[in-house]
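Subject: Structure handover

Hello,

Here is the structure for your files. My notes follow below it.

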Amino acid sequence: MSVGDEPSWLVDKQPWLADKPSWPVDERKNRPIKNVRGDHPLRGACPPNGPYGWTRKAVVSNEGMTRDQLKFRAALSRFAVGAAGLVLMPVLYPRTRAHAWVWGAYLVVAAVEQELIRRGIGGRVRTMLSGVVDTAVITFTVHRLGSVVTPVMSVYFFACFANGLVADVRISIALALVNAVAYDAVVWAEWGRWLPFAPDIPRLAALGTPSLGEALSASVFVTTLVLCATTVVSLLVVALDRREGQLVEANARLEELSQHDPLTELYNRRYLFDRVTAELARVRRGYQLTVVMLDLDRFKRVNDGLGH
């Protein structure tokens, strides 16, 4: 119907593709973006967003946010936690000033993690290693402030909740186990006097090591909540992703049916009008348009003899 630099029927439904190459391009990786079902843009079935829409395989929202983009935004919370530790901890607990380098190093690691996410490097290995680093910093801080009494233990729940949102189920549960084991190890090491209790808070350290009941209750409480919360969040995310995929496929099927004749499976009048509208819009942008009309002589006899 026309010849141009890009599929006009795609451009006019997706303005961001104007003056782009024929395939939508992932600017971050400089390579074409294929739709979820892998269909060709000019032939084959309709993409999940309808015949004019394109999605990446990792789409998690109608606005096109990918899993890596969600990870990038969630990982920004590391800067908030690191900054709070670097600035507030020395003010609230003066003895922690000697360990301010830990939070400084954590901020550096967080910056490296953000860059790796932005570049799409590391995948599951990166997620697992960064989660282990988070656990190490949290556990170190919990130990210095008194494992069974410090409110900093709540950061375990925040970390596991964030992991459940952005990582797959196995990675999330594995990191939850790492958090639980690390916390339990510190609690029981303090109970057994292998580690000093609350070394950065003298008034707590003067009370002595936690009792068996305190160690047991804290260990069971944190372990149970961390594992259960992570599992529930991860399964909810999986269920929502599956449901969204079903809705996308259903919408794609409805869009496809609305533009095809059910008997011949050829494009119908609605599709023709959409194409003509798109082509005319391209003409207004300076592109050329050619319309070819075919008429079969005496085809009325076929219709009269065989039916319309």
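How many residues does α6 have, and what does it reach from its first C-alpha to its last? α6 has 13 residues and reaches 19 Å between those two atoms, close to the 18 Å expected at 1.5 Å a residue. The expected span of a helix is 1.5 Å times one less than its number of residues.

Before the rest, two notes on method. This is a predicted model, in which local features need pLDDT of at least 70 and side-chain atom pairs count only at pLDDT 80 or more, while totals for chains, interfaces and linings use all residues. Residues are numbered from 1 along each chain as its sequence is written, and side-chain values use heavy atoms, with hydrogens and water left out.

Overall

The protein chain holds eleven helices and two strands. Helices (H or I, at least four residues) and strands (E, at least two) are DSSP runs, numbered from the N terminus. The order from the N terminus is α-β-β-α-α-α-α-α-α-α-α-α-α. Of the 308 residues, 37% count as buried; buried means under 20% relative accessible area, exposed over 50%, and partly exposed in between (1.4 Å probe, protein chains only). The chain exposes about 18300 Å², with carbon and sulfur atoms supplying 64% of it. Accessible areas come from the Shrake-Rupley method with a 1.4 Å probe, and for residues only the protein chains shown count as cover. Among contacts (heavy atoms within 4.5 Å) between residues at least 6 apart in sequence, 61% join residues at least 24 apart.

Core

The largest nonpolar core has 25 residues, and Val142, Tyr156, Tyr183 and Val226 touch the most other members. The elements giving two or more residues to this core are α4 (100-119), α5 (123-145), α6 (154-166), α7 (169-191) and α9 (212-258). A nonpolar core here is a set of buried Ala, Val, Leu, Ile, Met, Phe, Trp, Tyr and Cys residues joined through side-chain atoms within 4.5 Å. Leaving aside residues up to four places away in sequence, Val226 touches Tyr156, Phe157, Cys160, Ala176 and Asn179. The buried residues of α6 are Tyr156, Ala159, Cys160, Ala162, Asn163, Gly164 and Val166.

Salt bridges

A search of the whole structure finds twelve salt bridges, each being a side-chain nitrogen of Lys or Arg within 4 Å of a carboxyl oxygen of Asp or Glu. Arg78, Glu113, Arg126 and Asp134 are linked in a network of them.

Arg78 pairs with Asp134, the closest N and O atoms being 3.0 Å apart. This pair links distant parts of the chain, with Arg78 in helix α3 and Asp134 in helix α5, 56 residues apart. Both Arg78 and Asp134 are buried.

Glu113 forms a salt bridge with Arg126, where the closest N and O atoms are 3.6 Å apart. Here helix α4 supplies Glu113 and helix α5 supplies Arg126, 13 residues apart. Glu113 counts as buried because its relative accessibility is 7%, and Arg126 counts as buried because its value is 6%. Not counting residues up to four places away in sequence, Glu113 touches Arg78, Arg126 and Ser130.

Arg118 and Glu115 also meet in a salt bridge (2.7 Å, N to O). Both lie in helix α4, three residues apart, about one turn of the helix. An α-helix has 3.6 residues a turn, so residues three or four places apart point the same way. Arg118 is partly exposed at 41% relative accessibility, and Glu115 is partly exposed at 31%.

Surface patch

Leu86, Val87, Leu88, Val91 and Leu92 form a nonpolar patch on the surface, with about 470 Å² of accessible area together. Patches are made of residues with over 30% relative accessible area and no salt bridge, like charges being joined within 9 Å and nonpolar side chains (Val, Leu, Ile, Met, Phe, Trp, Tyr) within 5 Å. Leu92 belongs to helix α3 (residues 77-92) and counts as exposed because its relative accessibility is 57%.

Ala198 is in the loop between α7 and α8 (202-205) and is buried, with a relative accessible area of 0%. Glu265 lies in the loop between α9 and α10 (269-284) and counts as exposed at 63% relative accessibility.

Regards
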